[in-house]
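Subject: Structure for your review

Dear colleague,

Please find the structure below, followed by a short account of what was found in it.

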Amino acid sequence: MSRRLQGYVVPTIFRYLWPVMEFRFFHHFGSYLLMLKGMFSRPENMKMFWREFMRQCVDIGIGSFGIVFIISLFMGGVTTLQIAYQLVSPLIPKSTIAQVVRDTIILEFAPTLTCIVLAGVVGSKIASELGNMRVSEQIDAQEIMGINTKGYLILPKILAALIMIPCLISIAGFLGIWGGEKAGELGGILSSEQYWQGLRQEFKAYNIFFALFKSFVFAFIIASVPSYYGYNVEGGALEIGKASTSAVVVTCVLILFMDYLLAALLL
Amino acid sequence: MIELVNIKKGFGDKIILPDVSAVMETGKVNLIIGTSGSGKTVMMKCMVGLMPVDAGKVVYDGKDFTNMNEHEKKEIRQQIGMLFQGSALFDSMTVEQNVMFPLDMFGKGTLREKKTRVMECLERVNLKEAAKKFPAEISGGMKKRVGIARAIVLNPKYLFCDEPNSGLDPQTSLLIDKLIKELTLEYNITTVINTHDMNTVMESGDHIVYMYQGRKQWEGSNKDIVFSKDEKLNDFIFASEFLRDAKEMRQMEMFQDQNWRNRIKKD
């Protein structure tokens, strides 16, 4: 490499690496914990808190139902088709396809894939909503009124996510399995009877517990991490966009990390 | 009355307010004026508790706000109304709901009583007809007036206005100034305004604090300012030829007043 090229490449690499090097993990983690601690105080007005909580339930639950419905159906359908494509041995009964579809959807696709999508849908909405409130001084206005803004704005979002996301994941599981059945029938891969027979084979209720446990952990991450990014925005529209992107990226990475950790610990 | 006693505030190595003491008088419009970067906004944020001071104290009617616990601070904050530079109205709420918000959060009484109070405040700022509109549907001047209505809905003892005239035409600015002045006298509020607007200074400034590089450079009333010999203040206030002419005219007008003639002779 010529000296001239080195003189260009090295500073350029350093310039792009610097933000990563500057990434203050402990500072952010500490601030995140303080934010969580700050949420827990007696609400100024229980009626207003309840109203905000219900609004968040509608936003997170009903607002995300459409996308969850679509991805779950296709997720189940595609899983059936791909498993049928791989299980070509005449020694393996067709009902095994349904068994594999069931376990894949319950253990992995319904909780993890749905939550990755929800991290984008719900996470970016939370981060941009709080970011916009911060930038336009709406949060300051509430602080001056004497409201604990962490308790009033963030806690209802986390509680709503903890209730609505496991419900969405349960629905995603049912829809995924139903989508798998329909794809099997339409593709002439296996009949409905064979599919239902497979669903009942070696069913472990623990898998449901595992999926729901994961969904609670993911729901907490989906609501709290974007809240942290949105609540601490400084600047203007550009920073809101950056905060929103960072919130989704960090949420997705944390979901995948926790997915691995929980699988390693609980399975 | 609000007293600032030896307030110090800095960000890292940069000292914004090295040592400021001032008194904001009850029943008067107190103005904080100064060039951009002179520390006006930081001073106001320290006063309302949005920024903690590094040293010194802020005293509200004999009560040391700086060393209060969160519960005590909340009580003081509920007596504070604030008008923000960008109005800080809640986007998802109508004008009526915005003004109702502090009442819903802290007010007592039935819904009918609350609605009556909201309508009283909206009538006071001449915005009764805009009650059902959203902030996005009203003009900048109207937003400021809604901000004022929201700030006074709980009958505050202290009213803070951060650049209430920014982005408004001269006529609307005068309207806002007049409204703030009337409210101050009507409810005997301690009003603190952070402004650049010379009209506000000359028309509403019962008590003016001129900040220069983080220090209190001059203090007096809008009548004193006309005869001030402080060069920095004169350079800031009477920056243009037009304003210098206006100053001379005002001086002549006031000189005709016997009381002022005596006072000037004494000085």
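In what order do the 6 strands of the open sheet in chain B lie? The order is 6-7-8-3-9-10, with mixed pairing; strands are DSSP runs of E of at least two residues and helices runs of H or I of at least four, numbered from the N terminus, and two strands pair if DSSP finds at least two bridges between them.

This is a predicted model, in which local features need pLDDT of at least 70 and side-chain atom pairs count only at pLDDT 80 or more, while totals for chains, interfaces and linings use all residues. Residues are numbered from 1 along each chain as its sequence is written, and chains are lettered from A and ligands numbered from 1 in the order in which they are written.

Strand 6 (80–83) and strand 10 (215–220) of chain B are at the edges of the sheet, each with a single partner strand, so one side of each has no neighbour there. Within the sheet, strand 3 (residues 29–34) and strand 9 (residues 207–212) of chain B pair in the parallel sense over 5 bridges. B:Ile33 has B:Tyr210 of strand 9 as its bridge partner.

Helix 5 (residues 140–152) of chain B packs on the sheet and touches strand 6 and strand 7 (158–162). A contact requires C-beta atoms, placed from the backbone, within 7 Å.

In total, chain B holds 10 helices and 10 strands. Its C-alpha atoms fill a box of roughly 60 × 40 × 35 Å along the principal axes.

Yours sincerely

Key
Two residues are in contact if their C-beta atoms, placed from the backbone, lie within 7 Å. Axes are lines fitted to C-alpha atoms, for helices over the stretch in contact, and angles run from 0 to 180 degrees between N-to-C directions.
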